[in-house]
Amino acid sequence: MSDEKQKSADRLKAYTESKELTDRMSKIKHKIMVLSGKGGVGKSTVATNIAVALALEGKQVGLLDSDFHGPSVPTLLNLEDQHPGSDGDAILPVTFSETLKVMSIGFLLPNRDDAVIWRGPMKMNVLKQLLTEVNWGELDYLIIDFPPGTGDEPLSVAQLLPSCDGAVIVTTPQNLSLNDVRKCINFCKQVNVPVLGVLENMSGLKCPNCGAVINIFKTGGGEKMAREMDVAFLGSIPIEPQIVEASDSGTPFVYHYNKTEAAKAFSQAIVPILDLDRKTAPNG
Ligand code: ADP
């Protein structure tokens, strides 16, 4: 093929992909990113529980786990043995419940114990494919569990999304983690995504015997940081042994332990997300 022909074939391919992506995303009312400066702060736990909490409110929800290096959503929802389907043209997400569909990079790996070496362009292609080819149908919310940090991968996902309604930033209370929150907030500004708020996870542990709160990673830093950076504070989720238990056994925490302080904090944290839908509802 001549250079000219190749260039025009490339242009056509890029146009078709971008149209497909726009069409697919136009069926989703609100796209929400869940970000964190570091791994291990509970970002996937928060993304999953936000998705489940919204689904429990009767919203149609999709949860997209785009974390290459630790796709934990299949484990968190006990979907490790599931595989996405296909309707000929598109990939069909895994159904968790009537109101929650799930897609994860983890479903695409041949063996969960394999160490996959992802090179930059490969990641970009897989991300593009996930966003373009997954047929979610009509959704109220797509919750996207982003790769941690503010490097190339989150930037690629953010740039591929035609529009994004907001970001939830997850942090733990200690300074080391909080420093990264600033970067996350600046990242959101850079990619033009409004920050819905900062959520402080692992904020204090209540002793089951005496009720005293032990602030293992300090507490209150997330709220202070949110104030300083002029973004909303979505609340604090305590360290909760039942969260670990629920995560390991793949049972959604907010569903099974809805009376706990942590589950109440999740319900509170989704209020601004629910507000997005109220604002756009025909009579909202
Ligand atoms: P990340 O996505 O930021 O890497 P994960 O969501 O995978 O983090 O969480 C890391 C670990 O911390 C998991 O074992 C999870 O169960 C646990 N965890 C998360 N939040 C809490 C919490 N509030 N209390 C207790 N354990 C938690």
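## Basis

The model is predicted: local features need pLDDT of at least 70, side-chain atom pairs count only at pLDDT 80 or more, and totals for chains, interfaces and linings use all residues. Residues are numbered from 1 along each chain as its sequence is written, and side-chain values use heavy atoms, with hydrogens and water left out.

## Ligand shell

The shell around the ligand holds 17 residues. G40, K43, S44, T45 and N201 come nearest. By class, the shell has 7 nonpolar, 8 polar and 2 charged residues. Here Ala, Val, Leu, Ile, Met, Phe, Trp, Tyr, Cys and Pro count as nonpolar, Asp, Glu, Lys and Arg as charged, and the others, Gly among them, as polar.

A backbone N or O atom of G40 sits 2.7 Å from a ligand oxygen. For K43, the distance from a backbone N or O atom to a ligand oxygen is 2.8 Å. A polar backbone atom of V41 lies 3.0 Å from an oxygen atom of the ligand. The ligand taken alone exposes 570 Å², and the protein buries 80% of that. Accessible areas come from the Shrake-Rupley method with a 1.4 Å probe; for residues, only the protein chains shown count as cover.

## Elements around the ligand

Helices (H or I, at least four residues) and strands (E, at least two) are DSSP runs, numbered from the N terminus.

T45 belongs to helix α2. T45 is buried, at a relative accessible area of 17%. Buried means under 20% relative accessible area, exposed over 50%, and partly exposed in between (1.4 Å probe, protein chains only). T45 and M229 are 184 residues apart in sequence; their C-alpha atoms are 24 Å apart in space.

## Two sides of α9

I243, A246 and S247 are buried in α9. They share one side of α9 because they cover an arc of only 100 degrees around the axis. The arc is taken from the directions from the helix axis to the C-beta atoms. An α-helix has 3.6 residues a turn, so residues three or four places apart point the same way. The face turned away from the buried side of α9 carries the exposed residues P241, E245 and D248.

## Positive phi

N78 has a phi near 55 degrees, a positive value in a residue other than glycine. N78 lies in the loop between α3 (73-76) and β3 (85-86). At 53% relative accessibility, N78 is exposed.

M202 also has a positive phi, near 60 degrees, and is not a glycine. M202 lies in strand β9. M202 is partly exposed, at 23% relative accessibility.

## Cysteines

The structure holds 0 disulfides (pairs of cysteine sulfur atoms within 2.5 Å). The closest cysteine sulfur to that of C164 is in C188, 8.2 Å away, which is too far for a bond. C184 is in no disulfide either; its nearest cysteine sulfur, that of C188, is 6.8 Å away.

C164 is buried, at 13% relative accessible area. C184 is buried as well, at 0%.

Key
A residue is near a molecule or strand if one of its heavy atoms lies within 4 Å of it. A polar contact is a pair of N or O atoms within 3.5 Å; within protein, one must be able to donate a hydrogen and the other to accept it, and residues adjacent in sequence count only if both atoms are side-chain atoms.
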